[in-house]
Amino acid sequence: MGRFTRTLGPMVTIAGALAIWLVVMVTVGATASPRQSAPASAKPAPAQAAQAAAPASGYVGEETCLTCHEDQKQSYQESPHGRAKDPRSPAANRGCESCHGPGQAHVDGGGDKTKIKNPKSMAPRDVSATCTTCHNRSSHDNWAGGKHDSRNLTCTTCHSVHAAKSEKAHLKTETVQETCVQCHRKEVNKVHKSSHMPVREGKLECTTCHNPHGSQNVKMLREGNSIVEACTSCHTEKRGPFLWEHAAVREGCTTCHDPHGTNNERMLVAKVPMLCQRCHVHSRHPATIYDATTLLQKNNRIVGRGCVNCHSQIHGSNHPTSGKVFVR
Amino acid sequence: MRTRTYSLIGALLLVFTGVAQAQQEQPAAAQQTAQATQPATAPTPTLTPKIGQIDFGFRASDVSGDRARYSRFRDLGQGAYVDRFRLDKETETWSFRATANNLGYRDQRFGGEVRSFGKLKVTFDWNQIPLFISADTRSLYTDRGNGILDIDNAIQQSIQDAALISTGARDAAISGALAGARQYDLRSDRHIGSFDAVYSFNRDVDFKFNLKNTTRNGHNLQAFGFGTSPGLNPAVEIGVPVDDRTTDLKGLLEFANANGLLSVGYTGSWYDNNTPFVRFDNPLRAVDISGGTSSGLAVLWPSNNSFSFNVNGSYKLPARSRASAAISIGRWNQDEKLVAPTVNTALVAPPLERASAEAKADIVSMVYSFTSRPTDIVWLNAKYRYYDYANKTPVFDQKALIGDWSYNPATAATWENEPFGMKRHTLDLDASFTPHEYVGVNVGLTREDGDRTHRIWEKTAENTYRVSFDSTGNQYVSLRAKFEHSKRTGSGFEEAILDEVGEQPTMQHYDIADRKRDRATLVFTVTPVAMFDVNASVSTGKDNYYNSGFGLRDNKNNTWSVGFDVAPSEFVTFGLNYGFEKYTAMSYSRTANPLSPTNTTFLDPTRDWWDDQSDKVKTFSANLDLLKALPKTDIRLSYDISDGNATYVYGQPANQTVFTTTPLVQLPRLNNKLTDGRIDVQHFVRPNIAIGAAYWYEKYTVNDFALDSSAINQLNPANGLTGVFASTIYSGYLYRNYTANTGFLRVTYLW
């Protein structure tokens, strides 16, 4: 103890599993049917499109689209997609056809819906592939392989380019919370508990901590590379390292706290002293039953903030002596 | 410092604006290409209004009960107010946006954004978040600044003198002094200023810059003692001063095109605490003696800093594949000066081993992922994550002393710090099959290996298997279901760590203990017609710490919800939802003293006990929007209830030997209920002017055995049963009910 020990066991397991996975990928990839591969190569990226001579084969131009789709004109032109001066925008490239693909066949077919890309009728990952052609930078870079991608969600699950209701981010609902609650009701309901982050007051929102497009951190956390790093990106005072450290704190804030809200003081997952007694059962006062009699006696290990009445520096301490037991 | 920061922000704003203007004068090649493919439209030189909005009016609140909790993170103060200010202006080449909320109040927020399309985006945000903890707190202390909290010497002397007479006289003196305690609002404010800039050199390359400054000022609730257990002779709950600042800086150069991405970045964060310690008087003593000090010294959050260098890359591969890598290398530093072990002048303080903390940790994080969709029906994903938190704080050996009480350098034990560190290797493998456009099946495996220092388990390994089913895209039915099973196993058990602190050897810290976990979730939505949908969700989870004899043994979580939304016309929407959540947990313990030849209670199973926690919450929400259902009128109603109760029930074996003289009395039930109803009516007297009124009703009821006024009465610190001094002098922070009525009269002006 006290030193990291290196063994080959986990590394061998990981390397082996990775190798098997790659073999599976290559095998499956080699057997891909031409029919399935074709659409991918038929979709020009905007970068390529911008460099292509206009009008390219199969493209009809934005004005043609808007001849019939007049109702989409305002929402498109008022959105960032309609800003022609931004070279990365659809308007600066193929217009409507940047996302919906070449429209010639659709026009020639008298508006045949099967001959134009429409997110409503596309496979979720095809929709994602279309959007991430342009939305491929930092905040969206981890979409592929992320939690939401793995569950077959796609951009249009939450966003609407043409019928957005939110003030920002083109969401289908008015607020971020209303979007997230559709699948994460358990977490969103917690913001109404007595101890919560200022979400119901409108000072934070789900996306303050989470990046629904994926991240390098666990739980799609926006900041850092661990739960502790994410929490201490705002609660910097608890970052440490401290001279005297509390193991549970270093392992992860969620050992003791539920950041979505609880009915316990300071979003603790259980009331103190019972929470502390989940790990501290050693002799003397941590191993005592604090029942209603001790409550009447105003025992300071259960009334008020329980253990934290004395062990107030529970996140860690720099006090050279008393810090050992987090009392100063 | 603040002035300098603002000056810096202003200067940067000007620099970036200048750069943007220069870029506008010389359109990039990409822009020229874009113009060539679009119908020529002359740029509009003048600012054309897009939309603006402002709400203003008068607000009044009536709060009975705990006004601090009602205003915990907000300010609904009475008076005139300006809210929801929005100003958007946009030309073909640039846009401007300004926003403001609740101007002039503690929770005000305002921001601005300037964009030169394709060139520059500059954003500024100022967000104030109040934290109003208590309006019932009282204190004998006066904050003298610089972390000094004083009590009038005469009060200390009178209590000290009374203690020489009898404990009764002492307690009476304490009560007398506390009767004159000063009421104060316990609160702090967090002010966050953030400046972001994204400059696009060309179509592919961006430079991103973020500067964030966060300050906190006010007081926070903490308690400190003066002696040693029990009670730390006594402990006092005080409002400790909060005065700190965090400066975060991020810079990122990013290249991205259709084939991939490469970015290099730097992140730095500096936390500076202007009040690194608090010195507080002992209300019971005016003069130091070896058995008691006249004041104590506690350290507060130490200043610290962190930085990291980050490199990210991703590249598109054949067969709709993509490989990516992210590497981050950084360090956390904390080198605050160490304070003297005691300020009790009657004690000889043990010498400090070193003058400052010298705490630091090196952090390396790497994430490698590979995603492929070789066919339309197959999706594969592999992700390997490595995280190394190498705590390099040097060993610190220190003579033991708790508080400022009875120190003997000859007999004092030596304590050594435990700089916790960890490594995690995590491999995720997932495969998804989409045999039909509406159906996806995902199977996955996660293997996580943990390697920790100074923990009872040197290593842990966890395998997680999961399967999920997602049926989406169908306009009538969507179903999402997931099942996950995992098992964590530790190796290298270090019983000596438990023995050293007198823990039961079968106690296993639940954050790393052997564990079996099962979790299942299901989300189901039926939309028989476009105007109506029914939704339901169910989730269940169980953690079984199967090798834990003492400590947390298991916990379970069950939730379900059902609701519907109906929109019979474009003017009316109505929704209801009801949810239920139940969380249970069981932990096991033994009432015992340290093992010795004369005391074997440590080994006696008749002294065992367990604690069953049960936490239930019912949630109800309803909303009705009538937008122009009445001519020129918008009406919005919402009603939310969160009703929770919790019990902690102790159990003992039939042959228990702990409660032999007095019976065990179970703790009372805890209750928390929040009711929140709102109605908002707006009538448009003109297309751009609306007059309106809103009414918010909130009621919070709480029964908390530990924090209600029957448990804590700072004016009577004596034990309720025995009359003996109860060890802690509280500040009066309580859980209290409140009922609040807030009304708004407002005018909304759009332009």
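Predicted model: local features only at pLDDT ≥ 70, side-chain atom pairs only at ≥ 80, totals over all residues.
User: Which strand of chain B gives the most to the side that touches chain A?

Analyst: In the contact between the chains, 181 residues of chain B meet 114 residues of chain A. The side of chain B that touches chain A divides into 79 nonpolar, 69 polar and 33 charged residues. The element of chain B that gives the most to this side, with eleven residues, is strand β18 (residues 359-375).

User: How are α4(B) and α5(B) oriented to each other, roughly parallel or roughly antiparallel?

Analyst: Helix α4 (residues 153-165) and helix α5 (residues 167-179) of chain B pack with their axes 7 Å apart, at an angle of about 160 degrees. Angles over 145 degrees count as roughly antiparallel. The two helices α4(B) and α5(B) are therefore roughly antiparallel to each other.

User: How many nonpolar residues does the contact of α4(B) with α5(B) have?

Analyst: From α4(B), the contact takes I155(B), S158(B), I159(B), A162(B), A163(B) and I165(B). They meet A169(B), R170(B), A172(B), A173(B), I174(B) and A177(B) of α5(B). By class, one residue of this contact is polar, one is charged, and the number of nonpolar residues is ten.

User: What distance separates the centres of domain 1 and domain 2 of chain A?

Analyst: Chain A is divided into domain 1 (70-117), domain 2 (137-222) and domain 3 (241-325). The contact between domain 1 and domain 2 of chain A takes five residues from domain 1 and four residues from domain 2. On the domain 1 side, these residues divide into one nonpolar, four polar and no charged. Taken over C-alpha atoms, the centres of domain 1 and domain 2 of chain A are separated by 27 Å.

User: What is omega for the cis peptide bond that joins V272(A) and P273(A)?

Analyst: P273(A) lies in the loop between α15 and α16 (292-296) of chain A. A cis peptide bond also joins G240(A) and P241(A), with omega about 0 degrees, and P241(A) lies in the loop between α14 (227-231) and α15 (247-251) of chain A. For the bond that joins V272(A) and P273(A), omega is about 10 degrees.

User: Where in chain B is A319(B), which has a positive phi?

Analyst: Phi of A319(B) is near 60 degrees, a positive value in a residue other than glycine. A319(B) is partly exposed, with 18 other C-beta atoms within 10 Å. Its place is in the loop between β16 (304-317) and β17 (321-334) of chain B.

User: What phi does N146(B) have?

Analyst: N146(B) is found in the loop between β7 (142-145) and β8 (148-150) of chain B. It is partly exposed, with 13 other C-beta atoms within 10 Å. Although N146(B) is not a glycine, its phi is positive, at about 55 degrees.

User: Is L707(B) buried or exposed?

Analyst: L707(B) is found in the loop between β33 (689-703) and β34 (728-729) of chain B. Not counting residues up to four places away in sequence, L707(B) touches G304(A), I712(B), L734(B) and Y735(B). A residue is buried if 20 or more other C-beta atoms lie within 10 Å of its own. With 21 C-beta neighbours inside 10 Å, L707(B) counts as buried.

User: How far apart in space are H191(B) and R245(B), C-alpha to C-alpha?

Analyst: H191(B) lies in strand β10 (residues 186-200) of chain B. Leaving aside neighbours within four places in sequence, H191(B) is in contact with Q128(B), T214(B) and T215(B). H191(B) and R245(B) are 54 residues apart in sequence, and their C-alpha distance in space is 9.4 Å.

Definitions and conventions: Residues numbered from 1 in each chain as written. Chains lettered and ligands numbered in written order. Axes fitted to C-alpha atoms, helices over the stretch in contact; angles between N-to-C directions. Helix = DSSP H or I, 4+ residues; strand = E, 2+ residues; numbered from the N terminus. Parallel < 35°, antiparallel > 145°, perpendicular 65-115°, else oblique. Contact = placed C-beta atoms within 7 Å. Nonpolar A, V, L, I, M, F, W, Y, C, P; charged D, E, K, R; others polar. Domains from an automatic or database assignment. Buried ≥ 20, exposed ≤ 12 C-beta atoms within 10 Å, placed from the backbone.
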